[in-house]
Amino acid sequence: MAMIPSFFNNRSRDIIFDPLFSFDPFKDFPFPSTSLVPRENSAFINTRIDWKETPEAHVFKADLPGIKKEEVKVEIEDDRVLQIRGERSVEKEDKNDTWHRVERSSGKFLRRFKLPENAKIDQIKAGMENGVLTVTVPKEEVKKADAKKTVEISG
């Protein structure tokens, strides 16, 4: 007969499979779970950005749901660094409201990418639609050196 660890008693096994139960795997750990972190201390650190290269451009796409384009800045720093930053404001709290869980992130975010030499920095375009920021960095055609180069022998 297989041994079942003591933490899998009948009660917890029923709860795990209950689709209406809100499971918090971190509730017994010594650090606070996301539901207990004060809203003013939360940080929007999970900004996900895809970077793809096409034959014509480098394309960056960032998921920024709930953020207005006025709250986002796209800049080029020295040494060809693309910087995307912004801030999602904390939702205003009403004293009559009772919060049961706070999981949506708020606060500042910053992502930086070193652009390759073939990036046309002066022709970058950015647009935002349906909470997705798209930054397009056109590419210059890089001239390829000849595959063969003859080296002169001295002496």
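In which order do the three strands of the open sheet stand, and with what pairing? The order is β3-β4-β5, and the pairing is antiparallel. Strands pair here if DSSP finds at least two bridges between them. Helices (H or I, at least four residues) and strands (E, at least two) are DSSP runs, numbered from the N terminus.

Before I continue, a word on the source. This is a predicted model, in which local features need pLDDT of at least 70 and side-chain atom pairs count only at pLDDT 80 or more, while totals for chains, interfaces and linings use all residues. Residues are numbered from 1 along each chain as its sequence is written, and side-chain values use heavy atoms, with hydrogens and water left out.

Six bridges join β3 to β4 (residues 81–88) in the antiparallel sense, and K73 stands opposite R85 in β4.

Now the chain as a whole. It contains one helix and seven strands, in the pattern α-β-β-β-β-β-β-β along the sequence. Of its 155 residues, 24% are buried. Buried means under 20% relative accessible area, exposed over 50%, and partly exposed in between, with a 1.4 Å probe and protein chains only.

Two residues in the loop between β3 and β4 deserve attention, namely D79 and R80. In general, most residues other than glycine have a negative phi. D79, although not a glycine, has a positive phi of about 60°, and R80, also not a glycine, has a positive phi of about 60°. Are these residues buried or exposed? D79 counts as exposed because its relative accessibility is 59%, whereas R80 counts as buried because its value is 18%.

A hairpin is formed by β6 and β7, with two residues between the strands, and there N130 takes a positive phi near 55°. Strands β6 and β7 (residues 132–138) pair in the antiparallel sense over five bridges, with G127 opposite T134 in β7. Strand β6 (residues 125–129) is hardly covered, as the count of buried residues among its five residues is zero.

By contrast, T47, in the loop between α1 (10–16) and β1 (49–53), is buried because its relative accessibility is 3%. Leaving aside residues up to four places away in sequence, T47 touches D63, L64, F109 and R111, where contact means heavy atoms within 4.5 Å.

Finally, the aromatic rings. The structure holds three aromatic pairs. Rings of Phe, Tyr and Trp (its six-membered ring) pair if their centres lie within 6.5 Å; planes under 30 degrees apart count as stacked, over 60 as edge-to-face and the rest as tilted. W51 and F113 form an edge-to-face pair, 5.9 Å centre to centre with 80° between the planes. This pair links distant parts of the chain, since W51 is in strand β1 and F113 in strand β5, 62 residues apart. The rings of F60 and F113 have centres 5.1 Å apart and planes at 50°, so this pair is tilted. Both F60 and F113 are buried, whereas W51 counts as partly exposed at 38% relative accessibility. Together, W51, F60 and F113 form one aromatic cluster.
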